[in-house]
Amino acid sequence: MKEKKSLIRVGIGGPVGCGKTTIALKLCQTFRDQCDMAVITNDIYTQEDAQMLRRESALSEDRIMGVETGGCPHTAIRDDIAMNLAAIDEMQQRIPGLEMIIIESGGDNLTATFSPELVDIFIYVIDVSGGEDIPRKGGPAIAHSDLLIINKIDLASHVGVSLENMDRDTHKVRDAKPYLLCDMRSNKGVDSLVEWVKHDVLFADVN
């Protein structure tokens with residue numbers, strides 16, 4: 001028997017353009033009828049990612065909030081998390097019984113992490129266009145995030161990247177931690193992401 005957990009805060013981080021907002025959109029489209037959820041996006045000077053989610057009707061508009069950090073977003077999710085904690089509080093005031101909140105933010109692959117005081121689960125996203133050596137370079141997010149997604153694999157042959165090498169190096173640096181090779185825009189790997197969220201995020205085995 002499984003039961004839903006109370007509010008789960010899911011962080012999605014990664015470099016600009018790697019597909020974080022698309023992943024947030026896929027999760028909203030999949031789970032919005034199964035649980036009460038909301039999304040907070042972090043941008044430096046705009047609310048571009050929040051606006052994209054509103055245009056796509058990912059959730060009702062009151063469940064999507066953009067945070068303008070005014071500085072490097074990964075500072076706002078790792079070092080000074082006050083703006084994001086305030087955003088979560090506001091969402092909980094708006095939506096009593098909120099069950100899952102996604103916090104999306106940019107950040108480079110070497111130093112970006114989420115504060116454990118901000119999120120319960122950390123998904124880190126890279127894409128093949130950044131080069132096949134990214135997993136070998138490591139970093140806390142590459143090695144220790146709860147799930148690593150290597151996105152845009154359909155571009156690999158166009159940017160001279162060997163997926164076999166990326167897979168081998170990722171397996172080595174992640175040890176037993178899960179990772180997925182995906183192309184979210186063409187829905188490759190979406191099913192595996194959904195199954196991971198169901199098993200590792202939304203539900204707990206209680207019996």
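This is a predicted model: local features need pLDDT of at least 70, side-chain atom pairs count only at pLDDT 80 or more; totals for chains, interfaces and linings use all residues.
Local features require pLDDT of at least 70 and side-chain atom pairs pLDDT 80 or more, whereas totals for chains, interfaces and linings use all residues. Residues are numbered from 1 along each chain as its sequence is written, and side-chain values use heavy atoms, without hydrogens and water.

**View 1. Helix α4 and its buried side.** Helix α4 comprises the 13 residues 82–94; helices are DSSP runs of H or I with at least four residues and strands are runs of E with at least two, numbered from the N terminus. Asn-84, Ala-87, Ile-88 and Met-91 of α4 are buried (under 20% relative accessible area, 1.4 Å probe, protein chains only). These residues lie on the same side of α4 because they cover an arc of only 100 degrees around the axis, taken from the directions from the helix axis to the C-beta atoms. The buried residues of α4 pack against β2 (8–14), β3 (37–43), β4 (64–68), α3 (73–78) and β5 (100–106).

**View 2. Lining of the largest pocket.** Among the 29 lining residues, Val-16, Gly-17, Lys-20, Thr-21 and Asp-49 are the closest to the pocket centre. α2 (48–55) contributes the most to the lining, with four residues. At least two residues each come from α1 (20–31), β3, α2 and β5.

**View 3. Surroundings of Asn-151.** Asn-151 belongs to strand β7 (residues 147–151) and is buried, with a relative accessible area of 3%. Leaving aside residues up to four places away in sequence, Asn-151 touches Cys-18, Gly-19, Val-125, Ile-126, Asp-127, Val-128, Cys-182, Asp-183 and Met-184 (heavy atoms within 4.5 Å).

Technical notes: The expected span of a helix is 1.5 Å times one less than its number of residues. Buried means under 20% relative accessible area, exposed over 50%, partly exposed in between (1.4 Å probe, protein chains only). On a 1 Å grid over the protein atoms alone, a cavity is a set of points where a 1.4 Å probe fits but cannot get out, and a pocket is an open set with protein on both sides within 12 Å along at least five of seven lines; lining residues have an atom within 4 Å of a point.
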